[in-house]
Amino acid sequence: MEHICLTENVDIKDAVYVGDSITKDISMAKSIGMKAVWARYGRQFAPELWEILVKITHWTDKDVEREEQLKESFSRVKPDYSINSFAEILDLM
């Protein structure tokens with residue numbers, strides 16, 4: 001993200017990152033001082049679907065464990081904003 005901002009001549013403080021993963025997207029944006037918008041709509045699924053994914057995925061047990069550890073590690077990261085549909089992004093600008 002830093003490279004993209006530098007390449008596009010955008011100050012990180014003026015950029016906004018929209019992502020549906022607190023663990024990967026929001027924590028990454030916050031770690032460099034970028035505003036972070038959590039797209040809640042991208043995380044709307046039944047918890048049992050995660051269990052199914054784990055059963056059928058190519059991920060190793062170590063991969064699944066790493067994902068669980070990441071969720072725990074970044075569980076306290078808070079987005080600057082949360083939206084329930086992409087159209088709500090206009091209200092933030």
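Asn9 is exposed, with a relative accessible area of 72%, where exposed means over 50% relative accessible area, buried under 20% and partly exposed in between, for a 1.4 Å probe and protein chains only. The place of this residue, Asn9, is in the loop between helix H1 (2–7) and S1, and its phi is near 60°, a positive value in a residue other than glycine. The structure is a predicted model, in which local features need pLDDT of at least 70 and side-chain atom pairs count only at pLDDT 80 or more, whereas totals for chains, interfaces and linings use all residues. Residues are numbered from 1 along each chain as its sequence is written, and side-chain values use heavy atoms, with hydrogens and water left out.

The protein has five helices and three strands, and from the N terminus on these elements run α-β-α-β-α-α-β-α; helices (H or I, at least four residues) and strands (E, at least two) are DSSP runs, numbered from the N terminus. The C-alpha atoms fill a box of roughly 45 × 25 × 25 Å, taken along the principal axes. Of the 93 residues in the protein, 23% are buried. Among contacts (heavy atoms within 4.5 Å) between residues at least 6 apart in sequence, 47% join residues at least 24 apart.

The three strands form an open sheet in the order S1-S2-S3, with parallel pairing, where two strands pair if DSSP finds at least two bridges between them. Strand S1 (16–19) and strand S3 (81–83) are the edge strands, each pairing on one side only, and the twist averages 25° from one strand to the next. Between S1 and strand S2 (residues 35–39), which run parallel, there are four bridges, and Val37 in S2 is the bridge partner of Val18. Helix H2 lies across S1 and S2 and runs at about 165° to S2, where axes are lines fitted to C-alpha atoms, for helices over the stretch in contact, and angles run from 0 to 180 degrees between N-to-C directions.

Ser27 lies in helix H2 and counts as buried because its relative accessibility is 11%. Leaving out residues up to four places away in sequence, Ser27 touches Ile22, Phe74 and Val77. The C-alpha atoms of Ser27 and Phe86, which are 59 residues apart along the chain, are separated by 20 Å.

Rolling a probe the size of a water molecule over the atoms shows where empty space is left. On a 1 Å grid over the protein atoms alone, a pocket is an open set of points where a 1.4 Å probe fits, with protein on both sides within 12 Å along at least five of seven lines, and lining residues have an atom within 4 Å of a point. The largest pocket holds about 190 Å³ of space, a volume being the space filled by probe spheres set on the grid points, which are joined across faces, edges and corners. Its lining includes Asp20, Trp38, Arg43 and Lys71, and divides into four nonpolar, two polar and five charged residues; Ala, Val, Leu, Ile, Met, Phe, Trp, Tyr, Cys and Pro count as nonpolar, Asp, Glu, Lys and Arg as charged, and the others, Gly among them, as polar. Helix H2 (22–31) and helix H4 (61–73) each supply at least two of the lining residues, and the largest share, three residues, comes from H2.

Glu67, one of the lining residues, is found in helix H4 and counts as buried because its relative accessibility is 9%. Apart from its neighbours within four places in sequence, Glu67 is in contact with Lys24, Trp50 and Trp59.
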